[in-house]
Amino acid sequence: MPHTSPVPIVVALVAGIFLLLGAMFVAYPHAAAGFYGIASDDRAALFYVRAIGFRDLALAAYLLGLSALGGRQALAIVLAATIVIPLGDIALLILSGTARAIHFILHGASLLCFAGLALWAHADARRG
């Protein structure tokens, strides 16, 4: 009996969330800036917010592609490498001095989500 796993489905759902976030950040940078923890009255900051949106769109695309077509071990490696994104976001929030607790909670949840998915995908790949 072939090994089937819910990992690609869960990863696709997470990718869908980042697809929506990325689209929001690109299309509505003023609203997204507050969500991210950046003041939205600075024109340069809005370009940065859009860059974050494009990063999230790329993240969604590679996660969707790997969950649909890639090997399970490759998916686990990419999920583990993706931890760099929320770690960097948290570091930037600390350096900015503008973040509130909710911003750290959101990025921390993202970090834990990707770490957990990476471990789950790795264990799934070893079983499979």
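The following legends describe close-up views of a predicted model.

Local features require pLDDT of at least 70 and side-chain atom pairs pLDDT 80 or more, whereas totals for chains, interfaces and linings use all residues. Residues are numbered from 1 along each chain as its sequence is written, and side-chain values use heavy atoms, without hydrogens and water.

**View 1. The largest nonpolar core.** This core (buried Ala, Val, Leu, Ile, Met, Phe, Trp, Tyr and Cys residues joined through side-chain atoms within 4.5 Å) has 28 residues. Buried means under 20% relative accessible area, exposed over 50% and partly exposed in between, with a 1.4 Å probe and protein chains only. Leu 63, Leu 79 and Phe 114 have the most contacts inside the core. Helices H1 (7-27), H2 (29-36), H3 (43-69), H4 (72-81) and H6 each give two or more residues; helices are DSSP runs (H or I, at least four residues), numbered from the N terminus. H3 supplies the largest share, eight residues.

**View 2. Surroundings of Leu 79.** Leaving aside residues up to four places away in sequence, Leu 79 touches Val 11, Leu 63, Phe 114, Leu 117, Ala 118 and Ala 121. Contact means heavy atoms within 4.5 Å.

View 3. Pro 29, Ala 32, Ala 33 and Tyr 36 are buried in H2. These residues lie on the same side of H2 because they cover an arc of only 110° around the axis, taken from the directions from the helix axis to the C-beta atoms. Their cover includes H1, H3, H5 (84-96) and H6. The face turned away from the buried side carries the exposed residues His 30 and Ala 31. Gly 37, with a positive phi near 105°, follows H2.
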